[in-house]
Amino acid sequence: MTTALGPTWLDPEWLISTFGLIGILAIVFAESGLLIGFFLPGDSLLFTTGLLVADGTYLHQPLWLMCLLISVAAIAGDQFGYVFGRRFGPALFRRPDSRVFKQENLTRAREFFDKYGARSIVLARFVPIVRTFTPIVAGASHMHYRTFLIYNVIGGALWGCGVTILGYFLGQIPFVKNNIEFILIAIVVVSVVPIGIELLRARRRDRQAR
């Protein structure tokens, strides 16, 4: 089974075969709340994790344990992002663009947060890039910690368990196993669609404002 999506070091199966469970948890943590984690595979990694657990390849932990550990890593990542945003948020919004950091990603997450409020902590889990920056924005906006924690736990569990379980059961279907590369591409495309829609809406609003 090959899942060559872009560079080898971003290929979910290569990452799992090379770094195992620790690698999965580290990537989930980083993509959930570290500024440098926005480019890492999230949905495709969890889907592939579920598929490999079902197949017994590389991963031999039971599904329930994988779901629990992934959810904990996702929740912990968001917690770190919240604390980081609360401490460094104001300075972050004044930081100039660099090769890794782009203000537009932070702005996009802030617009998402302003639009959906506390629900954004759950909804952002299923939107690449936005899920990395939303907890940081929540911290910078001094969102009530207890409210953040509740929605963080819900979102982390839904995303961590949901996508992994989906991969586990769909991975047992011969068509999915034989066409995994195309399935992962479809997951990436579907994940990016909300971002594309928001960008189009933002551009339309800018034209109307002008």
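Residues 148–170 are 100% helix and 0% strand, with end C-alpha atoms 32 Å apart. The unreviewed UniProt entry lists this stretch as a "transmembrane region". The model shown here is predicted. Its chain has 9 helices and 0 strands.

**Stretches listed in the record**

- UniProt's unreviewed entry gives "transmembrane region" for residues 21–42, 62–85, 148–170 and 182–200.
- Residues 21–42 are 59% helix and 0% strand.
- The end C-alpha atoms of residues 21–42 lie 14 Å apart.
- For residues 148–170, the corresponding values are 100% helix, 0% strand and 32 Å.

**The chain as a whole**

- From the N terminus on, the order of elements is α-α-α-α-α-α-α-α-α.
- The chain has 210 residues, and 46% of them are buried.
- Take the contacts between residues at least 6 apart in sequence: 75% of them join residues at least 24 apart.
- The accessible surface of the chain is about 10,800 Å².
- Carbon and sulfur atoms account for 66% of that surface.

**The largest nonpolar core**

- This core holds 26 residues.
- Which members touch the most others? They are I24, V28, L59, M66 and I70.
- Helix 1 (12–33), helix 2 (43–55), helix 3 (63–92) and helix 7 (145–170) each supply at least two core residues.
- Helix 1 gives the largest share, with 8 residues.
- V28 shows what such packing looks like in detail. Beyond its neighbours within four places in sequence, V28 contacts L45, L46, I70, A73, A74 and W159.

**A second core**

- A separate core of 14 residues includes Y82, L106, F133 and A138.
- L106 lies in helix 4 (residues 103–116).
- Is L106 buried or exposed? L106 has 0% relative accessibility, so it counts as buried.
- L106 and T132 are 26 residues apart in sequence. In space, their C-alpha atoms are 9.2 Å apart.

**Aromatic rings**

- The whole structure has 8 aromatic pairs.
- W14 and F19 form one of them, with ring centres 5.9 Å apart.
- Why is this pair edge-to-face? The planes of W14 and F19 meet at 85°, and the cut-off for edge-to-face is over 60 degrees.
- W14 is partly exposed, at 32% relative accessibility.
- F19 is partly exposed too, with a relative accessible area of 48%.
- F29 and F80 make a tilted pair, 6.0 Å centre to centre and 55° between the planes.
- This pair links distant parts of the chain. F29 is in helix 1 and F80 is in helix 3, 51 residues apart.
- F29 has 25% relative accessibility, so it counts as partly exposed. The cut-off for buried is under 20%.
- F80 is partly exposed as well, with a relative accessible area of 39%.

**A ring cluster and a charge**

- Which residues do ring pairs link into a cluster? They are F29, F80, F84 and F88.
- What sits over the ring of F88? The charged end of R87 does, 4.9 Å from the ring centre.

Technical notes. Residues are numbered from 1 along each chain as its sequence is written. This is a predicted model: local features need pLDDT of at least 70, side-chain atom pairs count only at pLDDT 80 or more; totals for chains, interfaces and linings use all residues. Side-chain values use heavy atoms; hydrogens and water are left out. A nonpolar core is a set of buried Ala, Val, Leu, Ile, Met, Phe, Trp, Tyr and Cys residues joined through side-chain atoms within 4.5 Å. Buried means under 20% relative accessible area, exposed over 50%, partly exposed in between (1.4 Å probe, protein chains only). Helices (H or I, at least four residues) and strands (E, at least two) are DSSP runs, numbered from the N terminus. Contact means heavy atoms within 4.5 Å. Rings of Phe, Tyr and Trp (its six-membered ring) pair if their centres lie within 6.5 Å; planes under 30 degrees apart count as stacked, over 60 as edge-to-face and the rest as tilted. A charge sits over a ring if NZ of Lys or CZ of Arg is within 6 Å of the ring centre and within 35 degrees of the ring normal. Accessible areas come from the Shrake-Rupley method with a 1.4 Å probe; for residues, only the protein chains shown count as cover. UniProt positions are given in the numbering used here, feature names are shortened, and annotations may be inferred rather than shown by experiment.
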